Amino acid sequence: GRSPENMVIIPDPTVSRKHAVITMVGNELLIKDLNSTNGTYVLDGGTFRRVSEYRFSGDVIVRLGYYTVIKLTPLMGEEKT
């Protein structure tokens with residue numbers, strides 16, 4: 001979100017101060033919307049779909065609010081060389 005105490009600060013006026021949180025759940029990541037005003041969306045078949053929470057283990061494209069689009073890539077289980 002936009003709040004300065006967040007781990008990741010997004011300077012987009014359509015993103016709430018505390019917009020969403022990402023946590024590990026087993027071998028998956030969970031993105032959970034924190035009742036944001038303008039929503040959290042996941043790209044699904046070429047269209048952004050609003051979600052309250054979404055679990056994923058592969059790459060996912062997320063939109064926060066109207067303008068902020070990010071690609072999330074889980075890095076768990078990668079081999080070290």
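Me: Which residue is the bridge partner of L30 in β5?
Reply: Everything here comes from a predicted model, in which local features need pLDDT of at least 70 and side-chain atom pairs count only at pLDDT 80 or more, while totals for chains, interfaces and linings use all residues. Residues are numbered from 1 along each chain as its sequence is written, and side-chain values use heavy atoms, without hydrogens and water. Strands are DSSP runs (E, at least two residues), numbered from the N terminus. Looking in β5, you will find that the partner of L30 is R55.

Me: How many bridges join β2 and β5?
Reply: Strands count as paired if DSSP finds at least two bridges between them. Strand β2 spans residues 28-33 and runs antiparallel to β5. The number of bridges in this pairing is four.

Me: In what order do the strands of the four-stranded open sheet run, and which two stand at its edges?
Reply: The pairing in this sheet is antiparallel, and the order is β4-β3-β6-β7. The twist here averages 35° from one strand to the next. Two strands have a single partner each, so one side of each lacks a neighbour in the sheet: these are β4 and β7.

Me: What is the bridge partner of T40 in β6?
Reply: Strand β3 (residues 40-44) pairs with β6 in the antiparallel sense, over three bridges. For T40, the partner in β6 is L64.

Me: Which residue in the turn between β6 and β7 has a positive phi?
Reply: β6 and strand β7 (residues 68-72) pair in the antiparallel sense over five bridges, and R63 has V69 as its partner in β7. The two strands form a hairpin with three residues between them. With a phi of about 65°, the turn residue in question is G65.

Me: How many residues of strand β6 are buried?
Reply: Buried means under 20% relative accessible area, exposed over 50%, and partly exposed in between (1.4 Å probe, protein chains only). Strand β6 covers residues 60-64 and is mostly covered. Of its five residues, the buried ones number four.

Me: How far apart in space are I70 and V60, C-alpha to C-alpha?
Reply: I70 sits in strand β7 and is partly exposed, with a relative accessible area of 28%. I70 and V60 are 10 residues apart in sequence. In space, C-alpha to C-alpha, their separation is 8.4 Å.

Me: Which element gives the most to the lining of the largest pocket?
Reply: A pocket is an open set of points on a 1 Å grid over the protein atoms alone, with protein on both sides within 12 Å along at least five of seven lines; lining residues have an atom within 4 Å of a point. The lining has 14 residues, and the closest to the centre are G1, V8, A20, V21 and I22. With three residues, the top contributor is β1.

Me: In which strand of the protein is confidence highest?
Reply: pLDDT is the predictor's confidence in each residue, from 0 to 100. The protein has a mean of 91, and 93% of its residues reach 70 or more. Confidence is lowest in β1, at a mean of 93, while the highest, at 98, belongs to strand β4.

Terms used:
1 Å grid on protein atoms, 1.4 Å probe; cavity = no way out; pocket = protein on both sides within 12 Å on 5 of 7 lines; lining within 4 Å. Axes fitted to C-alpha atoms, helices over the stretch in contact; angles between N-to-C directions.
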